[in-house]
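User: I'd like to learn how to read a few local features in a protein model. Could you walk me through them?

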Amino acid sequence: MDFDIVIIGGGVIGLSVAAELSDGKNNVLLIERHPSFGNETSSRNSEVIHAGIYYPKDSLKAKLCVPGNESLYEWCHKYNVPHKKIGKYIIAVNKDEADELENIYQRAKNNGVEKIRPASISELKKEEPYVKAYSALFSPDTGIIDSHSLMQSLEFKASENDCNFAWKHTVNGIIKLNDGYEVNIIAPDGEPLSITTKIIINAAGLDSDLIAQMVGIDIDKYKYRLHYCRGHYFRIKSSKKYLVHHLIYPVPQKNSSGLGIHVTVELNGELKLGPDTQYLDERVQNYTVPEELQDKFYQAASSYLTGLDYNDIYPDQSGIRPKLQGKGEPFRDFIIAEEKDKGFPGFINLIGIESPGLTCCLEIAKMVKGFIDVI
């Protein structure tokens, strides 16, 4: 075998797995089709360190996010990754939302989120005088992070441990062998090449379902097929950055595919709104932010934020979530699976790793290592 482990995908998940597995015992290769790491979902998000509040009890999202919050802060301190534990207010604007806010509070407590607490309106007015609410929760362990610096630190750690990187290489076929896998690749010059490996980690993000399909897994039978869901962001102009100092999240709307259009504070104090949710009809990485969404974003933010004028916001960026649930469908959890039961021993799928995947990245890597330790 050319390698012990091949990781497909150089986003935050693939890099975390590379940092965890390249311990000197294994010959590891990470393959990424872009010229560098994190060109897709990992760099197009809110850059929030989540606490584990919203997810159903005993789901992977809940079970990995709570320890992931702690381990990510520890990593940031150890490797000097810029971050701030600024805290988050979740706000209800009326009685109906207040009832749902209580449900969110109980879910968070059931998930082991210890420090979340109800916040009085007088506290909210003191801390966030421009935010209007009927009731609120405060999560002190929610924070923000420089995702690029995080990925840089993970790449450095993996490189230090002699992990091999193949940038600008595209996987276009996988063949199961008796004792491993053959991975067919298109090199940067367009030439085909192939390598062999004992183990494959599929961390291919937006195309992770197609990588699973390449090896021979029926992605419709096992409900592995992804749906592209774009989230847009609008930026609040710098002169209004005094409006908010913590993360401000509304109560998610029922049957929503996201957490609602919230206010994110960046490390430099700048503010942005988003993301919304828009399922895409075509599987295309189109990152446009239509200007006509301005009214939608303004109305959403104005429902809980005063002092914001219509022309204070303008289009920023967008990202695409690799969602397992289609539009209007119920919650779907991460797929983190070693596929021996499907006839593919040593093939580990990481599919549908959307939010809170960034927060969970180190815990997902530990889980993958646990699979490999018993292979």
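User: Where is Pro-356 found?

Analyst: Pro-356 is found in the loop between β20 (347-351) and α8. Helices (H or I, at least four residues) and strands (E, at least two) are DSSP runs, numbered from the N terminus. Before we go on, note that this is a predicted model: local features need pLDDT of at least 70, side-chain atom pairs count only at pLDDT 80 or more, and totals for chains, interfaces and linings use all residues. Residues are numbered from 1 along each chain as its sequence is written, and side-chain values use heavy atoms, with hydrogens and water left out.

User: What kind of peptide bond runs from Ser-355 to Pro-356?

Analyst: First, the general idea: most residues other than glycine have a negative phi, and most peptide bonds are trans. The bond from Ser-355 to Pro-356 is cis, with omega near 10°. Another cis peptide bond joins Gly-274 and Pro-275, where omega is about -5°. Pro-275 lies in the loop between β16 (271-274) and β17 (278-279).

User: How do I read the span of α8, and where is its kink centred?

Analyst: The expected span of a helix is 1.5 Å times one less than its number of residues. Helix α8 (residues 357-373) has 17 residues and reaches 23 Å from first C-alpha to last, close to the expected 24 Å. For the kink, the bend at a residue is the angle between axes fitted to the seven residues ending there and the seven starting there. In α8 the kink is about 35° and is centred on Glu-363. Glu-363 is also among the buried residues of α8, which include Leu-358, Cys-361, Ala-365, Val-368 and Ile-372.

User: What is the angle between α1 and α8?

Analyst: Two packed helices are described by the angle between their axes and the distance between the axes. Axes are lines fitted to C-alpha atoms, for helices over the stretch in contact, and angles run from 0 to 180 degrees between N-to-C directions. Helix α1 (residues 12-21) packs on α8 at about 45°, with the axes 8 Å apart. That angle makes α1 oblique to α8; under 35 degrees counts as roughly parallel, over 145 as roughly antiparallel, 65 to 115 as roughly perpendicular and the rest as oblique. The contact (heavy atoms within 4.5 Å) includes Val-12, Ser-16 and Glu-20 of α1, and Cys-361, Ala-365 and Lys-369 of α8.

User: Which residues does His-262 touch?

Analyst: Not counting residues up to four places away in sequence, His-262 touches several residues, including Ser-46, Tyr-249, Gly-274, Pro-275 and Tyr-304. His-262 is in strand β15 (residues 262-265) and is buried, with a relative accessible area of 3%. The C-alpha atoms of His-262 and Asp-276, 14 residues apart in sequence, are 8.8 Å apart in space.

Key. Buried means under 20% relative accessible area, exposed over 50%, partly exposed in between (1.4 Å probe, protein chains only).
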